[in-house]
Amino acid sequence: MHSTDAPALDPQQLRAALSAKIESLGTFRTAAVRDAFRVVPREVFLPGVDLATAYAPKQVVTKRAADGTAVSSASSPNIVAKMLEQLDVRPGHRILEIGSATGINAALLSELTEPSGSVVTVELDEDLADGARTNLAAAGYNQVQVICGDGALGDPSGGTFDRIIVTAGAWDISAAWWQQLAVGGRIVVPLRLHGSGLTRSLALDHTDNGLMISTNAVVCGFVPMRGASEMGERHVRLAEDIILKVDVDDLPDEGALSPALAYPAHRQWTGIEVRHNEPAAHLDLWLATVESGLSFGKLAVAASARDLGLADPALRWSGAAVYNGGTFAYLTVRRVDDDTDELGIVTHGPDINKISGQAGDLLRRWAQDRPAQPVVTAYPSTTRVGQLQPGTYVARPDTRLTIGW
Ligand SMILES: C[S@@+](CC[C@H](N)C(=O)[O-])C[C@H]1O[C@@H](n2cnc3c(N)ncnc32)[C@H](O)[C@@H]1O
C-alpha cells in the first residue's frame, strides 16, 4: 500500500517557486526586489490562508464589504513586484505606504530600505491596521510603523518621504502627498485616469520646479481608495450581465446608449496586427485620451454573457470601447498565428456605419506610431490651464494632469 497524502508544502520552497515564477515573467529588474520576495514569509501575513493559496501568483482577497465587493487584499505578487521596481527604493530611504492591508508590502519595503531607512504604512480600517501590526511583529518587522487613518492625509505627523507608494486605486494625488514627497522623490500610485476606471500605476518624480512627471506606466487594477477622496463610477447597463463604464464628464446619453446592444452586431476586421510581445498595453489609454470626437468607455462582460456570445471584447485591453450618442464600438481580436492577433471592431447601435468608420480610422492612427508609453505630468491644482504642457487635460481636486504621447 502507498499513501495518497500530498507531500507537505515547505514555505521556503514555495517562496523560491513564487520568485522564480515572477522572474519568468520578466518582472524583476533588480536583485534587491527579487531577494526581498525570497525572504518575506507570506504565510505569516495571511494567517488562516492555506500555504498553496498564500504563495499562488494571484491576489488573495482578505476582506469584503456586505455586498461581497473586495475592500482589502494581498495584491497579486507580480503587480507588487512591478510597483516595487517602479518605486526604485534604496537603502536608507524614508518610505510612506498607503493601504497596509496585511502588511506584506510594508515588509518587502522594509527589506529594501534597511538597515538605515524607515517605513510608515497607513490603513483606513482599524481591524486591518491591527492585523498588519500583528503580522509585521510576528514576522520580525517591528520597526515598521502602522498608522490607522485616511491615507489621503498621508502621515499626519507631517514628515517628508523619499518614496510614497499607494496600493489602492486613487482618483487624485492628494495635497498631503504633494507636501510630503521630498523634491527629487518618487511616488508610485495606481491612478484612475478616466471615469471608466481605467487605471495606471504611474511612477511620478517630484521635480524641483514643483511638478511630478511619469514616463513609466504599468497596467493594473486595484480596489478603490475609500474615505474622503472616494469617487463613484457611472455604469450604463446594456444587458443583464453587460455594462458600459463611462466618464460623467463626457456627458453620456445614457437613455440612448442602454438599448444599443439590441441592434445587430457589425463586425469589422482592420488588418492591423499586434504581436503578443509588442508593448501595446496602453492602446486603451491612447483611445481614451486622443482627440477623436468619440468618448471612451470600458465594456464589462460577465462570463455568462460571453458564453452566450453577446459580446467578446479583447481581454488584453479589458473591454476598451468608444461611443457617441446611442452607438458604441468595442475592440476585439482574432488569432493570426501563435504570436499575433488582428484587431477588430464590433459596433452596435443606430449609427453603425459612422461609428465603426471613425473607430477604424482611430485604430489606423494608433497603428502608425504605436506609442509604447504615455508621458503623464502632474501639476498642483493652483496651476493655470495656460501653463500646462500640451496633451489631454484631466482635472482632479488637488491635481491637474496632462497625458501626452
Ligand atoms: C489592495 S489593498 C493593499 C495591498 C497591500 N499593500 C499589500 O501588501 O498587498 C488596499 C488597501 O487599502 C486600504 N485603503 C482603502 N482606502 C484607504 C484610505 N483612504 N487610506 C488608507 N488605506 C486605505 C484598504 O482598506 C486595503 O486594505
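Biologist: Which element gives the most to the shell around the ligand?

Modeller: Strand S2 does, with four residues. First, the ground rules. This is a predicted model, where local features need pLDDT of at least 70, side-chain atom pairs count only at pLDDT 80 or more, and totals for chains, interfaces and linings use all residues. Residues are numbered from 1 along each chain as its sequence is written. Helices (H or I, at least four residues) and strands (E, at least two) are DSSP runs, numbered from the N terminus.

Biologist: What makes a residue near a molecule, and how many residues surround the ligand?

Modeller: The C-beta atom, placed from the backbone, must lie within 6 Å of the molecule. By that rule 27 residues surround the ligand, and the closest are Ser 72, Gly 99, Asn 105, Gly 151 and Gly 227. The elements giving two or more residues are S2 (70–74), helix H6 (104–113) and strand S4 (118–123).

Biologist: How does the shell around the ligand divide by class?

Modeller: There are 14 nonpolar, nine polar and four charged residues. Ala, Val, Leu, Ile, Met, Phe, Trp, Tyr, Cys and Pro count as nonpolar, Asp, Glu, Lys and Arg as charged, and the others, Gly among them, as polar.

Biologist: Is Leu 238 buried or exposed, and why?

Modeller: The rule is a count of other C-beta atoms, placed from the backbone, within 10 Å: 20 or more is buried, 12 or fewer is exposed, and in between is partly exposed. Leu 238 has 23, so it is buried. Leu 238 lies in strand S11 (residues 234–239).

Biologist: Which residues is Leu 238 in contact with, leaving aside neighbours within four places in sequence?

Modeller: They are Ile 243, Leu 244, Ser 258, Ala 260 and Leu 261. Contact requires C-beta atoms, placed from the backbone, within 7 Å.

Biologist: Is Leu 251 buried or exposed, and why?

Modeller: Leu 251 has 9 other C-beta atoms within 10 Å, so it is exposed. Leu 251 sits in the loop between strand S12 (242–246) and helix H9 (254–257). Its phi is positive, about 50°, although Leu 251 is not a glycine. Most residues other than glycine have a negative phi, and most peptide bonds are trans.

Biologist: Why is Ser 318 called partly exposed?

Modeller: Ser 318 has 17 C-beta neighbours inside 10 Å, so it falls in the middle class. Its phi is also positive, near 30°. Ser 318 is in the loop between helix H11 (303–307) and strand S15 (320–324).

Biologist: Where is the cis peptide bond, and what is its omega?

Modeller: The cis bond joins Glu 114 and Pro 115, with omega about 5°. Pro 115 is in the loop between H6 and S4.

Biologist: Why is helix H5 called largely enclosed by the rest of the structure?

Modeller: Helix H5 (residues 77–87) has ten buried residues out of eleven, so the structure largely encloses it. Among them are Pro 77, Lys 82 and Glu 85. Asp 88 follows H5, with a positive phi near 55°.

Biologist: How do you know that the buried residues of H2 line one face?

Modeller: In helix H2 (residues 31–39), the buried residues are Val 33, Ala 36 and Phe 37. Seen down the axis, they fall within an arc of 100°, so they line one face. The arc is that of the directions from the helix axis to the C-beta atoms. The buried residues of H2 pack against helix H1 (11–24), H5 and H6.

How values were computed. Two residues are in contact if their C-beta atoms, placed from the backbone, lie within 7 Å.
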